[in-house]
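Here are my notes on the side-chain contacts, as promised. Have the model open while you go through them.

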Amino acid sequence: MTDADRPPILVVDDNHDNTEIMREYLESRGYAITIANDGDEALMLFERVRPRLVLLDVMMPGRDGWEVCRLMKRHPELGRTIRVVMVTALDEWDDKRQALETGADDYVEKPFDLRQLAATVERNLAQLAPG
C-alpha cells in the first residue's frame, strides 16, 4: 500500500499528549491523521474528513467514546464503511465486551505500545470493505 492509498484516520482523545504521540507515530508511517479532542469535534470531523478508521478514546468529557462510536456506526452513509478501534485504559473483560457491543471493531489498551497500535491499525484497515 503506497502512502497515497492509505485511508484517512481520525484520532479522538481528550489527552493532547496521547493524540500527538499517535499522530507522530502513524504519520511517520504514511498515514493521514486528523485529531479531535472531544466527542462533538470528532462527530463534526467525521463528516468532513470521512475517515476509514477511527481510533477512539472511551473516557472523555461530554460525549464519551461509547456514544460517539454508536453515532458513527449508525451514520447512514459512512457507518458501514468504517472501522472503530476503542483506545482505552479500561481493561476489564466487561469493558471490552461493551466496546464490541457498542459497535467497535477492535480495541487497544492504554498505555498503548506503539508497535501494537500500528499492527492494530494495519489489521483493521486490511479488513475494510472497498469504499
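1. Start with Asp40, which is partly exposed at a relative accessible area of 48% (buried means under 20%, exposed over 50%, partly exposed in between; 1.4 Å probe, protein chains only). The side chain of Asp40 forms a salt bridge with Arg63, 2.5 Å from N to O (the criterion is a side-chain nitrogen of Lys or Arg within 4 Å of a carboxyl oxygen of Asp or Glu). Asp40 belongs to helix α2 and Arg63 to the loop between β3 and α3, 23 residues apart. Helices (H or I, at least four residues) and strands (E, at least two) are DSSP runs, numbered from the N terminus. Arg63 is partly exposed too, at 28%.

2. Before going on, the ground rules: this is a predicted model, where local features need pLDDT of at least 70 and side-chain atom pairs count only at pLDDT 80 or more, while totals for chains, interfaces and linings use all residues. Residues are numbered from 1 along each chain as its sequence is written, and side-chain values use heavy atoms, with hydrogens and water left out.

3. The whole structure has 10 salt bridges. One of them joins Lys73 and Asp105 at 2.8 Å, N to O. Lys73 sits in helix α3 and Asp105 in the loop between α4 and β5, so this pair ties together parts 32 residues apart in sequence. Lys73 has a relative accessible area of 22%, and Asp105 has 24%.

4. Which residue does Arg123 bridge to? The partner is Asp106, with the closest N and O atoms 2.5 Å apart. Because Arg123 is in helix α5 and Asp106 in strand β5, the pair ties together parts 17 residues apart. Arg123 is partly exposed at 39%, whereas Asp106 counts as buried at 13%. Elsewhere, salt bridges with shared partners join Asp13, Asp57 and Lys110 into one network.

5. Now the nonpolar side (a core is a set of buried Ala, Val, Leu, Ile, Met, Phe, Trp, Tyr and Cys residues joined through side-chain atoms within 4.5 Å). The largest core has 20 residues, and those touching the most other members are Leu10, Val12, Val54, Leu56, Met72 and Met86. At least two core residues come from each of β1, α2, β3, α3 and β4. A second, separate core of 19 residues includes Val11, Tyr25, Leu117 and Val121.

6. Finally, charges over rings (NZ of Lys or CZ of Arg within 6 Å of the ring centre and within 35 degrees of the ring normal). Arg29 has its charged end over the ring of Tyr25, 3.5 Å from the centre. Arg6 lies over the face of Tyr31, at 4.5 Å.
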